[in-house]
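Thanks for coming. I will walk through one structure this morning, residue by residue where that helps.

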Amino acid sequence: MRVSRFNGASVNCAHKEPMKQTHQPGAWPSPLSANLLAQAGSSLMWSQPLGDDLWWDEVRPSEGGRSLVVSRQHGDILKAPWSAKSQVHEYGGISWLGLMLDGKAMLAFVNKADQRIYITEPKGEPRPLSPESPAGQSHRYIEMIAVGDEIWCIREAHLEGRVERSLVALSLKSAGVASLRILDASSHFYAHPRVSADGLHLAWITWEHPQMPWDGTELRVADVSNGQLSNVRVLAGNVETSCLSPEWGPHNELYFICDQSGWWNLWQVDLKGKLTHLVEEASEWGFPLWQLGMRALSVLPDGQVLSVHGAVDARKIVRVHPQTRAMQDLNSALTDFKPSLSVSGSKAYAVGASGKVVSQLIEIDLLSWQVCDVVTSIEPPVDASYFPQPHEISAVRSDGRKVFAILHSAHHPDFEPSEKPPLMVVVHGGPTANSSATLSMKYAYFTSRGISVVDVNYGGSTGYGRHYRNLLRGQWGVVDCEDVLAVVESLIAQGVCAANKVVIRGGSAGGFTVLNALVHSKSFAAGASYYGVADCTTLATDTHDFESRYLDTMIGAYPAEKDLYIARSPITHVNQLSSPLILFQGLDDMVVPPSQSEAFRDACAAKGLKHAYVAYEGEGHGFRQASTIVSSLETELKFYGEVLGFVPQM
């Protein structure tokens, strides 16, 4: 209530919002076009202070999905058409490193086209640093660190019929192609190589098939002498304990993230293997290691540890004093942060988001413990009044267990629904991953047109502790479907949406759940699968090395449990499919090959079921090009309109 004064008299005037028009949901006119979304769809991930400058990377769909490196002082420093994109594990990760060589800033990066490491001055012409791959092989590199006059990193060698990985060293002395040394090749997987401040020790994370990095890893350390490793030993971790993100303290102590307690929390270990559980709380400080180079913590100059913790919908940057174990959260409006913290002197840097912010790279003043600057920000292309307020919800299954989800309600400043809005159920990929309560332009494309979106963090998702993450063990294709249906039933019962206007979409492992939900239930009016898994047997025998044993944990050992693989495969039950289906596929996908989507396309055609199959040249597992993003979004929305009876305004 506001009080206005006129001629000395007080008049109470209730503030009224402008009246909204009722309009058919799905057909609301929205200023957020697919083209605007794609052009503004850049993403931020890693940052690195370099001298008095700060560098970070951006992926720009408007430049064909190119990954480039940007300087705070000089703008783009990796000129077109070069793209810093490693294909290690097929998902890549941090693919560049800033160096100071003879007082000059230099950029080393993995070139997407040939996967070699190149080196260049900012805006200069890159020259190759790593050797050319031998004929018939493909050598890939990632997670570079500077050690003296060498670069140490992880190499992934694709040989005839097998993949080998190792820690390698590349000399920076040569003006031409560098000489290469193998430091360690005793493990199949490597992550997080870190050299101690005194240069005498190297720490890293390793694991073997069939473990995935969220199942069980080892924290190893070796002595370093004359550039060689010796006395390799395990300080923490095993096949049932996940250790991640080691960082050295000033006195050769190691800080790392470990889930031994049931939650990824902060731990410390010394060189003799003495473990200390520094923080014990029901909150995740870690992450699923889908991309190499993720950094969950940094050690500050004063010896405190910087990290991120908190609930899925309320993440906080925190600093911890190892001696007193006192913790202090940073006051920030951002509610989610990527595991990519960096520190230099009295400043720290983080990439975050919130329900109102797509993505920001922020600068933190460590002395005042305040956010002092927004270095760069991915700005939404339309006014914030068109965006919903995403928030976490939960549903209770029939067995009493909670299922978590993020709801993005249909929202428009000028319209309200003339009937219950359609609901789009999103199933995230991984499946070991999660969705956060942050602003999504892709979801806003639908919500601003009158379609509500619910993003389900089904059992197996991260962010809720190891027990919740392990719910998918042996149950992929069962628990995920049950949890999705529990959320749908709950929202229908609450009147959030009409029972006959629920659609479902998902990509990769999310696409698998989409296809399974469609063949095992009649709850969905239509579905959209983005490069989804249709045949578990094919996935077990024809996917890339990183995930080739993933299903051992989620389904069972193959081929010993082949019958179970067949039973869990959506393609096995395709005759039960009755809902219209649209399939999107990148033709260069090495994770879920096109044959998976093509099998469902052919089955739909044989049944005479309404369907569409849209394939894209030059796209892999995840779409990066603006033209693909525009095409897929517009085609998907039009497909839903045809099924649900609305005409979308593009």
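Let me start with two residues, Y464 and Y468, both of which are buried; buried means under 20% relative accessible area, exposed means over 50%, and partly exposed is in between, with a 1.4 Å probe and protein chains only. What we are looking at is a predicted model, where local features need pLDDT of at least 70, side-chain atom pairs count only at pLDDT 80 or more, and totals for chains, interfaces and linings use all residues. Residues are numbered from 1 along each chain as its sequence is written, and side-chain values use heavy atoms, with hydrogens and water left out.

Now the rings. Rings of Phe, Tyr and Trp (its six-membered ring) pair if their centres lie within 6.5 Å; planes under 30 degrees apart count as stacked, over 60 as edge-to-face, and the rest as tilted. By that rule there are 24 aromatic pairs. Y464 and Y468 make a tilted one, with 5.0 Å from centre to centre and 55° between the planes. Elsewhere, Y91, F189, W207, W214, W290, F546 and Y550 are linked by ring pairs into a cluster.

Two arginines sit over rings. The criterion is NZ of Lys or CZ of Arg within 6 Å of the ring centre and within 35 degrees of the ring normal. R469 lies over the face of W264, 4.0 Å from the ring centre. R601 has its charged end over the ring of Y613, at 4.9 Å from the centre.

Next, the cores. A nonpolar core is a set of buried Ala, Val, Leu, Ile, Met, Phe, Trp, Tyr and Cys residues joined through side-chain atoms within 4.5 Å. The largest has 124 residues, and L266, V425, W476 and F524 have the most contacts inside it. Helix α5, residues 509-520, gives the most to this core, with seven residues. On helices and strands: they are DSSP runs numbered from the N terminus, helices being H or I of at least four residues and strands E of at least two.

What does V425 touch, leaving out residues up to four places away in sequence? The list is V454, V456, V484, V488, V502, V503, I504, R505 and F524. Contact here means heavy atoms within 4.5 Å. There is also a second, separate core of 49 residues, which includes A27, L68, M441 and V453.

On to the second largest pocket. The search runs on a 1 Å grid over the protein atoms alone: a pocket is an open set of points where a 1.4 Å probe fits, with protein on both sides within 12 Å along at least five of seven lines, whereas in a cavity the probe cannot get out; lining residues have an atom within 4 Å of a point. Points are joined across faces, edges and corners, and a volume is the space filled by probe spheres set on them. This pocket holds about 990 Å³. Its lining has 31 residues, and I145, R194, E247, R295 and V343 lie nearest the centre. Strands that each supply at least two lining residues include β4 (43-50), β8 (96-101) and β20 (243-248). The largest share, five residues, comes from β12.

Now some single positions. S187 is in the loop between β15 (180-184) and β16. Is S187 buried or exposed? S187 counts as buried because its relative accessible area is 6%. Not counting residues up to four places away in sequence, S187 touches R165, T206, E208 and R220. S187 and R165 are 22 residues apart in sequence, and their C-alpha atoms are 7.3 Å apart.

T541 belongs to helix α6, residues 536-542, and is exposed because its relative accessible area is 53%.

Last, the backbone. Most residues other than glycine have a negative phi, and most peptide bonds are trans. A cis bond joins A80 and P81, with omega about 5°, and P81 is in the loop between β7 (75-76) and β8. Another cis bond joins H209 and P210, where omega is also about 5°. P210 is in the loop between β17 (201-207) and β18 (218-225).

D102 has a positive phi of about 55° without being a glycine. D102 lies in the loop between β8 and β9 (104-110), and counts as exposed because its relative accessibility is 84%. N226, also not a glycine, has a positive phi near 55°. N226 is in the loop between β18 and β19 (228-237) and, at 78% relative accessibility, counts as exposed.
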